[in-house]
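Hi,

Here is the structure I promised to pass on. My notes on it follow below.

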Amino acid sequence: MLRIIRKTTRTASKIRLSATLAGLTVLLCGAGIAAPTEQANAASTNTTLNTWINQALQIMHTKGIPGSYNGIYRNIIRESSGNPHAINLWDSNAKAGIPSKGLMQVIDPTFQTYHVEGTSWDIYDPIANIAAACNYAAHRYGSIDNVWSAY
């Protein structure tokens with residue numbers, strides 16, 4: 001996608017061309033104007049994801065569930081790209097009628113079994129989803145930090 005962004009200043013009119021590829025903006029020519037909306041949206045999404053992970057880590061810590069920010073973040077990005085409403089409708093779980101859901105792509109029976117007290121029972125709630133997935137990973141793999149592929 002190619003678009004022209006125009007900013008008029010008191011002294012002159014400046015034009016900047018930018019190309020957006022996979023959410024990244026590349027400056028083709030010009031200078032001196034504010035960052036594009038895509039960059040602002042990405043920063044906002046990262047801030048929100050950061051908040052969810054840190055809140056889940058606080059709850060996990062009080063419940064003795066191991067895990068680190070990096071381990072959680074890595075798995076979220078792989079599983080849902082940070083979309084708390086992600087749902088997998090094509091894998092073997094989905095074909096069996098129990099699709100993986102949420103940030104960490106947890107199936108309903110796993111979420112219910114490993115739900116962490118003090119979090120929502122809504123599988124799409126980011127904090128509840130992270131905590132339940134990390135609780136499951138702790139029981140199965142020792143920690144979410146030991147999970148490097150679909151789990």
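At 1.5 Å a residue, the 16 residues of H5 should span 22 Å, and its end C-alpha atoms sit 21 Å apart, so the two agree (the expected span is 1.5 Å times one less than the number of residues). Helices here are DSSP runs of H or I with at least four residues, strands are runs of E with at least two, and both are numbered from the N terminus.

Before you go further: this is a predicted model, where local features need pLDDT of at least 70 and side-chain atom pairs count only at pLDDT 80 or more, while totals for chains, interfaces and linings use all residues. Residues are numbered from 1 along each chain as its sequence is written, and side-chain values use heavy atoms, with hydrogens and water left out.

Back to H5. Asp125 caps its N-terminal end, with a side-chain oxygen 3.2 Å from the backbone nitrogen of Ile127. After the helix comes Gly142, with a positive phi near 95 degrees. Of the 16 residues in H5, 13 are buried (under 20% relative accessible area, 1.4 Å probe, protein chains only).

The largest nonpolar core has 26 residues, and Ile72, Ile76, Met104, Ile130 and Cys134 touch the most other members. Such a core is a set of buried Ala, Val, Leu, Ile, Met, Phe, Trp, Tyr and Cys residues joined through side-chain atoms within 4.5 Å. H1 (37–63), H2 (69–80) and H5 (126–141) each supply at least two of its residues, and H5 gives the most, with 9.

Overall, the protein chain runs β-β-β-α-α-α-α-α from the N terminus.

Cheers

Note on methods. Buried < 20%, exposed > 50% of the residue type's maximum accessible area, 1.4 Å probe, protein only. Polar contact = N/O pair within 3.5 Å; in protein donor to acceptor, adjacent residues only side chain to side chain.
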